[in-house]
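Thanks for coming, everyone. I'd like to walk you through one model today, starting with some rings and ending with the sheets.

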Amino acid sequence: MDSITQMALGASIAGAVAGKTLGRTALITGAALGTLPDLDVVLDYGSAVANFTQHRGFSHSLFVLIPLAIALAWSLWRWRPALGLQRWLALTMLVLVTHPILDSFTTYGTQLFWPLGGPIALSSIFIIDPLYTLPLLAGCLAFLLRPPATGAIAAGLALSILYLGWTLFAQQVISDRIQPALAEAGLQESRVLVQPMPFNTVLWRATALTEHDHVEIVTGFFDGNTPLNLEYFPRRPDLAQAVAEFPEAQRLEWFTRGFLDYRVAGNQITATDIRLGIPGAHPFTFVLAQQNGDALHPVNSSQKPRPPLDPQALGLLWARLTGEAPVICLADLATPAPGQSC
């Protein structure tokens, strides 16, 4: 999730645990701890793919954060012994552990058990969702204005937890809705990713992956009986095979679970993470290899500039979310991707 959300969550937990003893200091401490795991973004791992796939790695691992929480609790207890070691431990443990757990509900991928296993991505909430964050901020604001308003803090936390539960329920409803359309199109055995469109959990996007295409479906809770629209985007399995032995391509395949689109750009082969963004405006495209004559050589990966969204994209998304536009093409929201059909 975004930094504001993580700070609000950390501040809320700290306020609930220690607000009556520490007052406003509890919120400041919780906010600082809540953003601590994301400081890994300042590290340079040597290439664009490494930076992309190492983010939310060791700094989000429970194997790292649990010992860190113990060490920080002891240090903070020495600073403010009035709270007691056990409550400091509850504060640091809850704040640090809930950060990566919340991140795992997004699509990016969180390596909760680094260095074991792969990234976890439940994909039930967008990285910025006001309906999750606002109750936390409201509780913190009430506390700051009239400390120690722990009741408001607890109410904000309760609402955020309920909303997170709603995202999982909504995701399952949408998954059930798209299954008949996928089966009718012969895609029932394809790998499918279901995730919310930006800033909400009313409008959802499903991506079905096949060897030669990826198929996009947008549907929402205000659609009624409107038939589902399937958009087809061609893939290049030959390019995937050409770079299959390159370590950075393998790393990307592992991190994205294969949701990649390979393209040729001049004499370069690129790979785009199609989980994030929308077709034509995916934010993460990496240069993996370079063609020299008949030979293909891996390169130290670099990231291509992010393509711009259509200035009218938010308006189109709002119209689609509210049901005013029963069908929109994802490709209409950005520079058209090659070969799309709607």
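Let's start with tryptophan 166 and phenylalanine 169, which both lie in helix H7, three residues apart, or about one turn of the helix. When I say helix, I mean a DSSP run of H or I with at least four residues, a strand is a run of E with at least two, and both are numbered from the N terminus. Quick housekeeping: this is a predicted model, so local features need pLDDT of at least 70 and side-chain atom pairs count only at pLDDT 80 or more, while totals for chains, interfaces and linings use all residues. Residues are numbered from 1 along each chain as its sequence is written, and side-chain values use heavy atoms, with hydrogens and water left out.

Now, how many aromatic pairs does a search of the whole structure find? The search turns up 14. Rings of Phe, Tyr and Trp (its six-membered ring) pair if their centres lie within 6.5 Å; planes under 30 degrees apart are stacked, over 60 edge-to-face, and the rest tilted. One of them is phenylalanine 52 with tyrosine 108, an edge-to-face pair at 5.1 Å centre to centre and 70° between the planes. That pair links distant parts of the chain, 56 residues apart: phenylalanine 52 sits in helix H3 (residues 48–54), and tyrosine 108 in the loop between helix H5 (85–103) and helix H6 (130–145). Both phenylalanine 52 and tyrosine 108 are buried. As for the rings of tryptophan 166 and phenylalanine 169, their centres are 6.0 Å apart and their planes are at 45°, so that pair is tilted.

Ring pairs also build a cluster out of Phe52, Tyr108, Trp254, Phe255, Phe284 and Phe286. Phenylalanine 284 has arginine 306 over its face, at 4.9 Å from the ring centre. Arginine 177 does likewise with phenylalanine 221, at 5.9 Å from the ring centre. To count, NZ of Lys or CZ of Arg has to be within 6 Å of the ring centre and within 35 degrees of the ring normal.

On to the sheets. Strands of a sheet pair through backbone hydrogen bonds, either parallel or antiparallel. Here, two strands pair if DSSP finds at least two bridges between them.

There is an open sheet of four strands in the order S5-S6-S7-S8, paired antiparallel. Strand S5 (260–265) and strand S8 (295–303) are at the edges with a single partner strand each, so one side of each has no neighbour in the sheet. Neighbouring strands here are turned by 25° against each other on average, direction ignored. Axes, by the way, are lines fitted to C-alpha atoms, for helices over the stretch in contact, and angles run from 0 to 180 degrees between N-to-C directions.

S5 pairs with strand S6 (residues 268–273) in the antiparallel sense over six bridges, and aspartate 261 stands opposite threonine 272 in S6. Helix H9 (residues 247–256) packs on this sheet, touching S5, S6, strand S7 (285–292) and S8, and its direction makes about 145° with that of S5. Contact, for me, means heavy atoms within 4.5 Å.

S7 and S8 are also antiparallel, over six bridges, with alanine 289 opposite proline 298 in S8. Their hairpin has two residues between the strands, and glycine 293 takes a positive phi near 65° there.

The other open sheet I want to show has four strands in the order S1-S2-S3-S4, again with antiparallel pairing. Its neighbouring strands are turned by 20° against each other on average, direction ignored. Six bridges join S1 to strand S2 (residues 203–209), and arginine 191 stands opposite leucine 209 in S2.

Last stop: histidine 214, in strand S3 (residues 213–220). Its relative accessibility is 3%, so histidine 214 counts as buried. Leaving aside neighbours within four places in sequence, histidine 214 contacts residues including Leu209, Tyr232, Phe233 and Pro279.

How values were computed. Buried means under 20% relative accessible area, exposed over 50%, partly exposed in between (1.4 Å probe, protein chains only).
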